[in-house]
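Please look over the sequence and the model shown here before reading on. The report then takes up the ligands and the packing of some helices in turn.

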Amino acid sequence: MGITLAILFGVPLLGLARLDLFGDAHRALLRPVDFAHGLTAVLAAIVAFYVVTFTINMPAGRMFCGFGCPVGQLSRFADAIDAFPNDPLRRRRGWLELGGFALVLSLAVTLWWTAPASVLAWPAAAFAMSAVSTVAAAAVLHGRRWRWGFCRGFCPIGLYYSVVETGAPFGIDFDSAGACIDCGACDTICPVHLEPRTLEAEVPAPGGLAFDGLPGLNHCLHCGLCVEVCELVTQKQPGRPAMGLRRLHRKPRRLDRRSDVPAVGNEPTA
Ligand code: SF4
Ligand code: SF4
């Protein structure tokens with residue numbers, strides 16, 4: 001997420017690409033340009049960002065969804081608010097994180113369309129303030145209302161990745177010889193309703209416009225929540241140091257049917 005924010009702020013601030021809607025401070029590749037070239041630079045930067053995420057997704061599946069996407073990060077912060085309903089301090093901190101991240105994100109988005117120098121003068125200042133507050137409000141609303149439902153079934157990039165990049169060799173892996181105690185916590189926590197221990201099997205669409213009949217790993221966001229909860233659960237099991245789930249591990253071959261999946265139980269099977 002740090003890299004994503006650095007790119008979102010760095011590109012317009014350094015002048016790699018910027019369209020100044022209220023002035024003439026358009027930039028392309030660090031140089032002053034006219035409106036048309038500024039617009040071209042912004043569009044090219046968006047395409048380049050997409051190409052980078054596409055390239056990452058080839059070896060590591062939808063890793064960008066779980067680690068680099070600001071929309072997913074909003075959902076994480078929103079989850080944190082609800083994780084401790086009876087702890088007002090943690091809830092307050094969660095709201096601060098969600099609101100703060102939404103503001104930072106909206107500022108970054110606005111800087112692509114307005115030069116920092118021109119936001120101090122009318123009418124750019126009015127535009128910048130309304131853009132920042134609108135995007136920030138939409139970001140908080142997303143976190144509170146739609147959250148992972150958007151990632152599950154409506155994010156156009158995620159839906160596209162779930163179909164085109166099906167052969168990623170690295171991702172979440174279940175080691176049946178590990179310390180699985182069959183607690184089911186990983187199934188419960190998965191935000192896209194997958195069963196992390198059987199990601200190679202075909203699953204019904206997790207919701208929205210998502211496609212049916214793809215292996216679970218195509219829908220997996222690589223958010224790592226299942227691995228984190230597994231770590232938490234298995235740490236409490238005396239004499240069971242290794243976890244069942246592992247992150248960014250080389251995955252086994254794809255299984256065509258859920259019935260092909262090896263049974264898991266309380267005891268290691270190998
Ligand atoms: S893989 Fe981990 S979290 Fe999932 S059921 Fe087994 S012990 Fe529980
Ligand atoms: S399977 Fe694990 S890593 Fe994948 S989306 Fe579900 S919780 Fe996240």
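## The shell around ligand 1

How many residues surround ligand 1, and which are the closest? There are 14 residues around ligand 1, and the closest are Cys-180, Cys-183, Cys-186, Cys-230 and Gly-244, where a residue is near a molecule or strand if its C-beta atom, placed from the backbone, lies within 6 Å of it. This is a predicted model, in which local features need pLDDT of at least 70 and side-chain atom pairs count only at pLDDT 80 or more, while totals for chains, interfaces and linings use all residues. Residues are numbered from 1 along each chain as its sequence is written, and chains are lettered from A and ligands numbered from 1 in the order in which they are written.

The elements that give two or more residues to this shell are helix H9 (185–189) and helix H11 (225–235), and H11 gives the most, with 4 residues. Helices here are DSSP runs (H or I, at least four residues), as strands are (E, at least two), and they are numbered from the N terminus. By class, the shell around ligand 1 holds 9 nonpolar, 3 polar and 2 charged residues; Ala, Val, Leu, Ile, Met, Phe, Trp, Tyr, Cys and Pro count as nonpolar, Asp, Glu, Lys and Arg as charged, and the others, Gly among them, as polar.

## The shell around ligand 2

Ligand 2 also has 14 residues around it, of which Cys-190, Pro-196, Cys-220, Cys-223 and Cys-226 come nearest. This shell divides into 12 nonpolar, 2 polar and no charged residues.

Just after H1, Gly-15 takes a positive phi of about 90 degrees.

The axes of H1 and H5 come within 8 Å and cross at roughly 30 degrees, the axes being lines fitted to C-alpha atoms, for helices over the stretch in contact, with angles from 0 to 180 degrees between N-to-C directions. H1 is therefore roughly parallel to H5, since angles under 35 degrees count as roughly parallel, over 145 as roughly antiparallel, 65 to 115 as roughly perpendicular and the rest as oblique. The contact is made by Leu-5, Leu-8, Phe-9, Pro-12 and Leu-13 of H1 with Val-104, Ala-108 and Leu-111 of H5, two residues being in contact if their C-beta atoms, placed from the backbone, lie within 7 Å. By class, this contact of H1 with H5 has 8 nonpolar, no polar and no charged residues.

## Helix H6 and its partners

Helix H5 (residues 88–111) packs against H6 at an angle of about 135 degrees, with the two axes 8 Å apart, and H5 is therefore oblique to H6. The residues of the contact of H5 with H6 divide into 13 nonpolar, 4 polar and no charged.

Helix H4 (residues 70–83) and helix H6 (residues 124–146) have axes that come within 8 Å and cross at roughly 60 degrees, so that H4 and H6 are oblique to each other. On the H4 side the contact is made by Val-71, Leu-74, Ser-75, Phe-77 and Ala-78, and on the H6 side by Ala-139, His-142, Gly-143 and Arg-144.
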